[in-house]
Protein chains: 2
Amino acid sequence: MALIVQKFGGTSVGTVERIEQVADKVKKFREAGDDLVVVLSAMSGETNRLIDLAKKISDQPVPRELDVIVSTGEQVTIALLAMALIKRGIPAVSYTGNQVRILTDSAHNKARILQIDDQKIRGDLKAGRVVVVAGFQGVDEHGNITTLGRGGSDTTGVALAAALKADECQIYTDVDGVYTTDPRVVAQAQRLDKITFEEMLEMASLGSKVLQIRAVEFAGKYNVPLRVLHSFQEGPGTLITIDEEESMEQPIISGIAFNRDEAKLTIRGVPDTPGVAFKILGPISAANIEVDMIVQNVSHDNTTDFTFTVHRNDYDKAHKVLDKTAAELNAREVVGDTNIAKVSIVGVGMRSHAGVASRMFEALAKESINIQMISTSEIKVSVVIEEKYLELAVRALHTAFELDAPARQGE
Amino acid sequence: MALIVQKFGGTSVGTVERIEQVADKVKKFREAGDDLVVVLSAMSGETNRLIDLAKKISDQPVPRELDVIVSTGEQVTIALLAMALIKRGIPAVSYTGNQVRILTDSAHNKARILQIDDQKIRGDLKAGRVVVVAGFQGVDEHGNITTLGRGGSDTTGVALAAALKADECQIYTDVDGVYTTDPRVVAQAQRLDKITFEEMLEMASLGSKVLQIRAVEFAGKYNVPLRVLHSFQEGPGTLITIDEEESMEQPIISGIAFNRDEAKLTIRGVPDTPGVAFKILGPISAANIEVDMIVQNVSHDNTTDFTFTVHRNDYDKAHKVLDKTAAELNAREVVGDTNIAKVSIVGVGMRSHAGVASRMFEALAKESINIQMISTSEIKVSVVIEEKYLELAVRALHTAFELDAPARQGE
């Protein structure tokens, strides 16, 4: 008999019919003997509806009051699911973040969980009840309602699993697991049975939007086994764990991630002196622009070129900031490009295998794809290429690293 | 500088535009120097929408979970108003029933307020903030969200005013006060400047649906001056107080109430023995049918006739119950009538004035209106008449008791 935390997102509880389906699923687990804590998001679209309502009053809604409003979204779904379970003869009770009590800091709209009181939930579980908890929300030490920010329901699920020392935290979504790459780009993409937290972090931040990064970090930190599953299809999903020992037997590369949302900016001919990187990126950061890849190569004639990528939406803003910096630094020129894509290979296996990067470059060279930037981490190699080659590059790498599904590979 | 509790109903906060108007009104009071606690209902229609959602899951929604859902309605409006006030430069903060803490019993969907913690609110008032509180809801000793039942927001307002020892509780509605009778029936109906709690109770229960009966009872019990005002028109409204001394100078009758929603049932020829009233009304009560007027006259030949009125919707059900009772008691027959109306004159003045009832009967006789039933209390005389005479009777009584507006009276 396991203790399982199950989290269902907005699409999974988007209608009363869907909520009934979730209740059927929860009932099956309960009848199999598991103790269950179910975390829910608001019905899909509801949070946006509430935010729009607030924005009719004020473009910049007061953060404290915005939390009071948007937290009602989950409050509705938890009670509906509790009702649906009770209707099926399954004792159940719903709790808001405040009722549990999920204590957070006071950073309204983007609060962080500080502590979870597990007393009430444990009492209910002991009494045989399924506990349905509102995701995404909590309460600060003064009793103010807080929300964790978008996607915070995943974090609520993981935090509850950690506090309760649950055997598993199951995140139900509209995909049946984590794939070696996007199946829309590579038909032979395969569902992974297992992936490590670190790999998942690299995959998530690189555009495989299955899980909230914060939730994965949290799960890794407290070693909560995390499983991604499809809400309404049967299947084992993908388990995300700390278990690295077995990775020796696994493929070197777990997956191919990619991102089309970036743009590249280069400032040429800046003096190669200490502090120049800060002089360039300081104003960018001050303008609230997030930077992803940063590459600086060796210098020529005491000057160097400095390149970084930003979100495509921030490109114009970043270009203006950089133009000003270039003038101050007496740089030669600023050039940029929005027609780029980033492709990354991710895998803990590459730690113990030399030559992974060169195998990547070889595969791209075979397809005559030029590499514009390279950046590496312990478990990841990312390259920037011209956007039009993106699909070709991903497919080539998927095959080169032997990720193609055997059934369809036709070898 | 007064401390005022202001309550705005669902229609007054039915749209964002209306909420902005309420904010303008509150701002005016605040700038005049008053300390303000504002109690809000949910946007009109929202509570029904939430109940309908719950009923899609279950015809008989679990009461505890239904409260979790419907309490979100006010949670949205309080935060919207707080935002609108802050936008106007008026410091404000919103609280749910749980946050205040409005402690209730655990009777979900129809809870009663046990105690209100005034600490938080007093702190905010001292700091110059307008406090916006969710009406209709509270929390029980175990931390479960409760609701007070329909119209409970009035009760929240009065209970807060009592707990804070406020100078006045203002109930904003879609009428500009309490009238001598329904202006749609009598064009000369006048707004009352003042009315006593007892009169208001009789008026309210008799069909002048301006205020919740429970709220008036509560206000009377704790002597909270209650004022009914129009949400979006200027005017003094009607003050409801304990102040009876001045009534000596006031008209004998404060108003004419009436009700078309009743039906009459008579059981004829029942043995005139002790306990027969209970034998007749016991099964009616057991069938959850509420009874209004009850009349039993002197007996003939050891049998008597027993008449009572019920809501028209309960007529068929009550008739069936009564048929069964009649068979058991060997009664002669059961007769009923749904074409009736009740008209009542209400006024604390009648305590010190003899002949009020006969003056009423005289006025009705002059119009050849037959009286079917009579029932009296200390400050009220009610008669049941044929429904088609209702308007005529109300106008005749309004004139006979000198309630017609002088400007339009044309004497």
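Helices (H or I, at least four residues) and strands (E, at least two) are DSSP runs, numbered from the N terminus. The model is predicted: local features need pLDDT of at least 70, side-chain atom pairs count only at pLDDT 80 or more, and totals for chains, interfaces and linings use all residues. Residues are numbered from 1 along each chain as its sequence is written, chains are lettered from A and ligands numbered from 1 in the order in which they are written, and side-chain values use heavy atoms, with hydrogens and water left out.

**Exercise 1. Backbone features**

Task: Locate Arg101(B) and state what kind of peptide bond joins Val100(B) to it.

Solution. Step 1: Arg101(B) sits in the loop between H5 and strand E4 (102-104) of chain B. Step 2: the bond between Val100(B) and Arg101(B) is cis, with omega about 5°. Step 3: chain A has a cis bond from Val100(A) to Arg101(A), with omega near 15°. Arg101(A) is in the loop between H5 and strand E4 (102-104) of chain A. Step 4: Phe136(A) is not a glycine, yet its phi is positive, about 75°. This residue, Phe136(A), belongs to the loop between strand E6 (130-134) and E7 of chain A.

**Exercise 2. The interface**

Task: Describe the interface of chain B and chain A by its contacts, area and composition.

Solution. Step 1: with contact meaning heavy atoms within 4.5 Å, 43 residues of chain B touch 43 residues of chain A. Step 2: buried area is the accessible area (1.4 Å probe) that two parts lose on being put together, summed over both. Between chain B and chain A this area is about 3100 Å², and carbon and sulfur atoms give 67% of it. Step 3: H4(B) gives the largest share of the side of chain B that touches chain A, eleven residues. Step 4: that side of chain B divides into 24 nonpolar, eleven polar and eight charged residues. Here Ala, Val, Leu, Ile, Met, Phe, Trp, Tyr, Cys and Pro count as nonpolar, Asp, Glu, Lys and Arg as charged, and the others, Gly among them, as polar.

**Exercise 3. Salt bridges**

Task: How many salt bridges does the rule find across the interface, and how many over all chains?

Solution. Step 1: a salt bridge is a side-chain nitrogen of Lys or Arg within 4 Å of a carboxyl oxygen of Asp or Glu. Step 2: across the interface of chain B and chain A the rule finds zero. Step 3: over all chains the count is 44. Step 4: one of the bridges pairs Glu202(A) with Lys380(A), whose closest N and O atoms are 3.5 Å apart. Glu202(A) is in helix H8 (residues 197-205) and Lys380(A) in strand E20 (residues 380-386), both of chain A, 178 residues apart.
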